[in-house]
Amino acid sequence: MTGDPGYLPGFGSIPPELCRQLAAQAAFWKAAVHDPQTGQLVALGERRYRPSPQVREFVELRDQTCRSPGCGRIAERCQYDHGIPFDAGGETCVESNEMLCAHDHQRKTHSNWHFRIDPDTAETIWTTPTGHTYATRPPPLGGVTPPTENRPPPHKQPGYPEEPPF
């Protein structure tokens, strides 16, 4: 926390020392990060280990599968992972967390595999124990890949019927 005053809904601004006291006693709290130039909200993080249902649903929908390179386990059967370990200051928010299957979560947590997430693109850069790097990015929702100039839409490709058979 900075030396800036906090905001308590229903009350208004409160002194920084009171913010620290309340945060130390709370079961969880939300950190609202704002742009110091404009005062606009830019991120909202929860200071609790388990994500809210909305945060978990957002990350599951965004990731669709385990984010480890080459793994295709569906996100609904994966574990919610803090990019930066929670006990090391990691936040429970969509910008710095991802879905990992149990195997890849254990590998990331208990070995020398590391990753970082770009908060703007959700691209994850994995670094192996040997120093090799791999990038993963969530697929577009619905698995839709925009056609290119050289590739016709899938239903026009050779061997595909013109209309679905239903």
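**Exercise 1.** At 46% relative accessibility, as what does Tyr49 count: buried, partly exposed or exposed?

*Solution.* The model is predicted: local features need pLDDT of at least 70, side-chain atom pairs count only at pLDDT 80 or more, and totals for chains, interfaces and linings use all residues. Residues are numbered from 1 along each chain as its sequence is written, and side-chain values use heavy atoms, without hydrogens or water.

- Step 1. Buried means under 20% relative accessible area, exposed over 50%, partly exposed in between (1.4 Å probe, protein chains only).
- Step 2. Tyr49, at 46%, counts as partly exposed.

**Exercise 2.** Describe the aromatic pair of Tyr49 and Phe86.

*Solution.*
- Step 1. Rings of Phe, Tyr and Trp (its six-membered ring) pair if their centres lie within 6.5 Å; planes under 30 degrees apart are stacked, over 60 edge-to-face, the rest tilted.
- Step 2. The structure holds three such pairs.
- Step 3. Tyr49 and Phe86 are edge-to-face, at 5.6 Å centre to centre and 85° between the planes.
- Step 4. Tyr49 lies in the loop between β4 (41-46) and α2 (53-63), Phe86 in the loop between β5 (79-82) and β6 (97-100), so the pair ties together parts 37 residues apart in sequence. Helices (H or I, at least four residues) and strands (E, at least two) are DSSP runs, numbered from the N terminus.
- Step 5. Phe86 is buried, at 18% relative accessible area.

**Exercise 3.** Which residues do ring pairs link into a cluster?

*Solution.*
- Step 1. The cluster holds Trp113, Phe115 and Trp126.
- Step 2. Trp113 is buried at 17%; Trp126 is buried at 0%.
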